[in-house]
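Let's walk through this model together, from its confidence scores down to single residues. Please keep the viewer open as you read.

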Amino acid sequence: MQFFFEVLIGGLLSGVLYSLVALGFVLIYKASGVFNFAQGAMVFFAALTFVGFQEVLPGWLGLETGSAVVFWLAFVLALASMVVLGLLTERVVLRPLVNQPHITLFMATIGLTFLVEGIAQGIWGANVRGLELGIVDEPIEWLMDRSGILVSKFDLFAAAAAGVLVTSLALFFQYTRIGRALRAVADDHQAALSIGIPLQHIWGIVWGVAGFVALVAGMIWGARNGVQFALTFTALKALPVLILGGFTSVPGAIVGGLIIGASEKLAEVYIGPMVGGGIESWFPYMLALAFLLVRPEGLFGERHIDRV
Amino acid sequence: MLYREAGQFKTSYSADQQIFPILQDRYGYWVILAIFGVLVPMLASEYWLKAILIPVLIFSLAAIGLNILTGYAGQLSLGSAAFMAVGAFGAYNFMLRIDGLPFLVALILGGLAAAAVGVLFGLPSLRIKGFYLAVATLAAQFFIVWVLVKFPWFSNNASSGVITAQDVVILGYHFDGPQAKYVLTLGVVAALALAAKNLVRTATGRAWMAVRDMDVAAEVIGIRPMRAKLVAFAVSSFYCGVAGALYAYTYLGTVEPEGFNLDLSFKILFMIIIGGVGSIMGSFLGAAFIVLLPILLDNVVPAIFGNALGAGFASNLQLIVFGGLIIFFLIVEPHGLARLWQIGKEKLRLWPFPH
């Protein structure tokens, strides 16, 4: 039983990481109806840019490697790059494709994925790098003493970061003027446009926010597994998360991520040995597939998938 | 002046309904087939046959498969490589386990195996569409590769699922040189491409297009979307399966399941986007483009920039160029190279007179 809980908690915490990636998808989908396949590539780009700036800044400015100034400067510069990337995407890729079928936009973001990956590696190189956030990856002692369950401090930190991010996004959406405009656009483009909400500004903002979410996700992912190309594959796991949670729901992204994370780890540990292991690679997709047959709109999604 | 249908009067329904109604197209088809079937294998070097022409033909076939599903029936799939894997491993197992099975029969059986698997993974398309379906086909992509790696039966207990294709023998003739393999590939691809060209203008093909354009309207006029979609999945997977079997038997000779990864699926998707969604000709143009572009980049970039940029740069440049081209084509020419081909033909009909 103790082992079960350990696997469950480990799964839930890795699910938090999926949630963070899925969050970026949901934000853009809600506001512009674009299914941004490139979100995973953006996470990779963000992490690589952050690490890259951390490496080159000390040399440029004569600062001490690993100091707080370098950290925050790199953070700000990476954030700026993400916002620029988001705005450019909106301007160059999506604006010419306005009113095209969804599937065209989807294919365009697949192209964007390759473009972003190529540019990221072209600028910063393809080496695997470590990313240091200053949080040690070791079990929490008092919890281990009390119940014997191993929970890493780092995972807990990641969960807390995700929590803060989601809460602040929820507050931003709920209580600010821009947030209200965002929700209006998400609800109905035409109506929002007719009451004077500048659609293109809003899309710019959404892509900026998605860039920010990608940066946070990229930093946490990178600190956990190193910044490497494999990140983009893991980010694909955010897709079943979305199907489970519904494409338009922020809470859905979180809950879906937790379910996927926990179930894939449990399946790997308990079902895996029976069939030869390695089922983590496809289990989330099959789960999502089974789920689609039962409830195509996801747990929290809106019921508007047209049936044929 | 040379390419126009003036004076070609149709006097029977069958003449009116043939695949290439214009005489020049009909001759053009045979001329092209003769050039690629007779002249090219005599003149082309071994490198060209092995590394360029055979893969272009095989990928064209896979692209036709995906085009049937995505371009004609409107169902986006990201799992084409997995269906290719089913075809390759299917044909291998049929050859292995049935003594004296003719190669072409194994090829067809491999394709049918892929079709069966395709129908299975096409079932969700009855309830979902668009990118929901894309994610569902991702499940096929990862699951099939995993099954082929994990169950050694499929690869006859080879380590990590690597299979070595048996010798290709048809009617006692051994197809072992690159020329022979090329001609065999060309024959299969030409026959299947012609069949596809014909298929998309039959009732089935028109039903696919109706479902693609508006499924509700299609249902109202009496098309069964369920049947149309499942048939599209079956036919598409059959084409991908045969392409996969050729990939193993006439191109690489030795394949492993991991070779049929998501990257290959994306590559095939790119072929139809660049070549032209909903066009058989476009599948060939797109496949040629995607196979030739990396080779071109590999040769041209060092010539311009020298070797200072390093080896990693070339692969990154390839990613950037592919990604950029996809976006460019979707924005500027959504019908791809096939549309340019068509424009060329229309211009040619008027040439040299402007009206």
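Predicted model: local features only at pLDDT ≥ 70, side-chain atom pairs only at ≥ 80, totals over all residues.

What is the mean pLDDT of chain A, and what share of its residues reach 70 or more? For chain A the mean pLDDT is 81, with 91% of the residues at 70 or more.

| Item | Mean pLDDT | Note |
|---|---|---|
| Chain A | 81 | 91% of residues reach 70 or more |
| Chain B | 88 | 97% of residues reach 70 or more |
| Helix H5 (residues 141-147) of chain A | 65 | lowest among the elements of chain A |
| Helix H3 (residues 68-94) of chain A | 88 | highest among the elements of chain A |

For the complex, the predictor gives an ipTM of 0.85 and a pTM of 0.89.

**Chain B as a whole**

Chain B contains 14 helices and 4 strands. Its radius of gyration is 21 Å, close to the 20 Å that the globule rule gives for 355 residues, so chain B is as compact as a globular protein of that length. Of the 355 residues in chain B, 46% are buried. Among the contacts in chain B with a separation of 6 or more, 75% join residues 24 or more positions apart.

**A helix with a buried side**

Which residues of H7(B) are buried? They are B:Pro178, B:Lys181, B:Tyr182, B:Leu184, B:Thr185, B:Val188, B:Val189, B:Leu192 and B:Ala196. These residues cover an arc of only 165 degrees around the axis, which puts them on the same side of H7(B). The cover over them includes helix H2 (23-43), helix H3 (46-72), helix H10 (225-252) and helix H12 (280-305) of chain B.

**Where the chains meet**

How many residues does each chain bring to the contact? Chain B contributes 35 residues and chain A contributes 41 residues. On the side of chain B that touches chain A, the elements giving two or more residues are helix H6 (131-150), helix H9 (215-220), helix H11 (262-275) and helix H13 (311-332) of chain B. H13(B) supplies the largest share of that side, 13 residues. Sorted by class, the side of chain B that touches chain A holds 26 nonpolar, 5 polar and 4 charged residues.

Start with A:Glu264, which sits in helix H12 (residues 250-270) of chain A. Is A:Glu264 buried or exposed? A:Glu264 counts as buried because it has 24 C-beta neighbours inside 10 Å. Leaving aside neighbours within four places in sequence, A:Glu264 is in contact with A:Gly11, A:Glu280, A:Phe283 and A:Pro284. A:Arg183 lies 81 residues from A:Glu264 along the chain, and their C-alpha atoms are separated by 33 Å.

Then try B:Asn156, in the loop between H6 and strand S1 (163-164) of chain B. With 14 other C-beta atoms within 10 Å, B:Asn156 is partly exposed. Its phi is near 55 degrees, a positive value in a residue other than glycine. Most residues other than glycine have a negative phi.

How values were computed: Residues numbered from 1 in each chain as written. Chains lettered and ligands numbered in written order. Rg over C-alpha atoms; globule rule 2.2 N^0.38 Å. Buried ≥ 20, exposed ≤ 12 C-beta atoms within 10 Å, placed from the backbone. Contact = placed C-beta atoms within 7 Å. Nonpolar A, V, L, I, M, F, W, Y, C, P; charged D, E, K, R; others polar. Arc of directions from axis to C-beta. pLDDT = per-residue confidence, 0-100.
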